[in-house]
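Reader: Please present the structure below and discuss its helix packing and backbone geometry.

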Amino acid sequence: MSRVYKFIFTKLVILIITYFIALSIAFVLPRIVPGNPVQSLIVSLASGSLSPELLSDYQRRLVEVFELNKPLHIQFINFLRKSFTGDLGVSLQSYGEPVVSLIARHLPWTILLLVPAIVTAWFIGNYLGARASYKRGSIFEKVTIGAGMVVSQIPYYWLAMTLIFALAVLPRELWGVDLFPPGSAYDPVLQPSLTLEFIISYLRHYVLPFLSLLLPSLGGWIISMRVIATMELGSPYIFYSDTLGVKDKILFRYVLRNSMLPQVTALGIQLGFVLSGQIITEQIFNYQGMGILLTRALGVRDYPVIQGVFMILIATVLLANFIVDFVYVLIDPRIRLGHRRD
Amino acid sequence: MKRLELRNVRAYYRLLIGNREADVRAVDGVNLEIRKGEILGLVGESGCGKSTLAKVMLMNINPPLFFKGGTIILYTRSGNSLEISKLNREKLKKDVWGKHVAIIPQEAMSALMPTLKIKRIAYDVLRSHNPDISLDETVSLLTKRLKELGLPDYVVDRYPFELSGGMAQRTVIAISTLLNPEILVVDEPTSALDVSTQKLVIKTLWSLAAKGIIDSMVFITHDISVVRQIADRIAVMYAGKIVEVAPTEDIIFDPQHPYTRGLIDSIISLEPEVRKRGLRYIPGQPPNLINPPQGCRFVDRCPFAKDICRKKEPPLIKINNDRLVACWLHVKG
């Protein structure tokens, strides 16, 4: 078992190093983009009735409070130090609201949308792909693979807009039916609560963004699984078991089991892509998750919010990859017991 | 007398070359019988179609290979005869494979489902034929068989990759014979093993027959020195056809077909008569099986080729009490 612990330990060290590198990049990048947050805040205030003296005084105070006058590396160290105590600073734009509470308000919507979409796509896509490969030459294979090819190549954003047009706008324009709402996470007149009315509204708003994330990823899984499963089907152990009269049902289970293993790794890699797709999806559906929070913060260079969001996003992707590696150890005996041999 | 009979069996690979379909005649008109209680060696060089013939004997034929024609009849222990070349996949799977015929594939390690323990692999085989069997019953059956074959019983709890090459090969032998099939088709079982392990595997196979677990065996190899240790008769295959069948000693010491002679002459051997003769080889290449020569397929490499050899295919005829040869040199008149 010590080998497993060593494996986990190495992975953990790599994970932490990767995290800091990614975090540094996420910290530096917004700061080298021209313009600064204080400037854009001042500009928005200047349209009000504040006097120029008051404005410049205000600007100086802001720069001091947010430590924007200090060298970059000092800012970074301070940011890291504070973040360990759970303090991600306050937003420059949202009237001093703590970044932590901003994230807490947006994160659940993203998770509730993203995780079911990823998991559903993975299971259904892999099953369909394996089935298609097993039923080689059948109508089922042709339809599944054809559809998978098309759907997997559709860009997230285009599919999202097409879905809005076809299932929200068109029915309303043509027949006056509100089939699905075109955006937002729930009806804006309602308050998030556990009432039936709110849940129904939430689910109706959920369908389109969910589909726009699910379908492209589903297609990708179908295609890749078909390739892997076809290879497995041609392998000697399938021929051998087949020739000993092992039932087709069991053979399919063999293929599924062995082809799923590389797909578990692929899931971790895909996660990053789905997450970036999610940012655009939220934008299109005006869905109040982390994507919206990030794009708004980027627009006004709200450094603390950008840092905070990246901190969570990067951690999610890395952690998911780490868990995937670990799951691989658990489910593949060849990796788990690779050292035991007679 | 007979266990398995092949009459004019043909199986081709359909290939796409450019836009044209072409058939590779890997098994082309094979006549062969496997007798009750015998071990038949099937020898030939790489690409002669012997592994394809193994698949065809069992009727497990997958694209691009397809069954072109012929008859294969299985004679079971209980006295029934079954024309397996007429059965469909479902029927073969239910009534023939594993029960009456079984295979030992070329590479045992890759033939075992890699992510299951040996006992689970055996369990899947047994419960496919008998839905009521439990895992515990499987383990006791498998352990018994492993013991008979001289393997330690901890093998049941191992994954395939935890076994050595020779151990995996013998484990495959144990699993293949769990249902006591009449016929075992063994395809190059020793090609990936070192010489001492080869000996062990051959001993294991031989003890299967001696203990009556199986009745007849087809032992496929390119290595005549290996097959000589175990086979009662040897069939020589060349370019998709059987060219000579005879008892082992006759093939070794008195080969009649020019190809068999070429094969025997190319073996390094310490026996005096072979040593005196010296080592020879067969010049040239086997023919292209997409467009095989019209007459005898060995004609371009044969030192005794006559006119008729280029025009007409030699029939496989009986030249003395237990010897079949397909060569015009042996056709009288």
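Author: Helix α6 (residues 165-176) of chain B packs against helix α7 (residues 195-210) of chain B at an angle of about 10°, with the axes 10 Å apart. Axes are lines fitted to C-alpha atoms, for helices over the stretch in contact, and angles run from 0 to 180 degrees between N-to-C directions. Helices (H or I, at least four residues) and strands (E, at least two) are DSSP runs, numbered from the N terminus. This is a predicted model, in which local features need pLDDT of at least 70, side-chain atom pairs count only at pLDDT 80 or more, and totals for chains, interfaces and linings use all residues. Residues are numbered from 1 along each chain as its sequence is written, while chains are lettered from A and ligands numbered from 1 in the order in which they are written.

Reader: Are α6(B) and α7(B) roughly parallel or roughly antiparallel to each other?

Author: Angles under 35 degrees count as roughly parallel, over 145 as roughly antiparallel, 65 to 115 as roughly perpendicular and the rest as oblique. The helices pack at about 10°. α6(B) and α7(B) are therefore roughly parallel.

Reader: Is B:M59 buried or exposed?

Author: B:M59, in the loop between α1 and β4 of chain B, has a positive phi of about 60° although it is not a glycine. A residue is buried if 20 or more other C-beta atoms, placed from the backbone, lie within 10 Å of its own, exposed if 12 or fewer, and partly exposed in between. With 22 other C-beta atoms within 10 Å, B:M59 is therefore buried.
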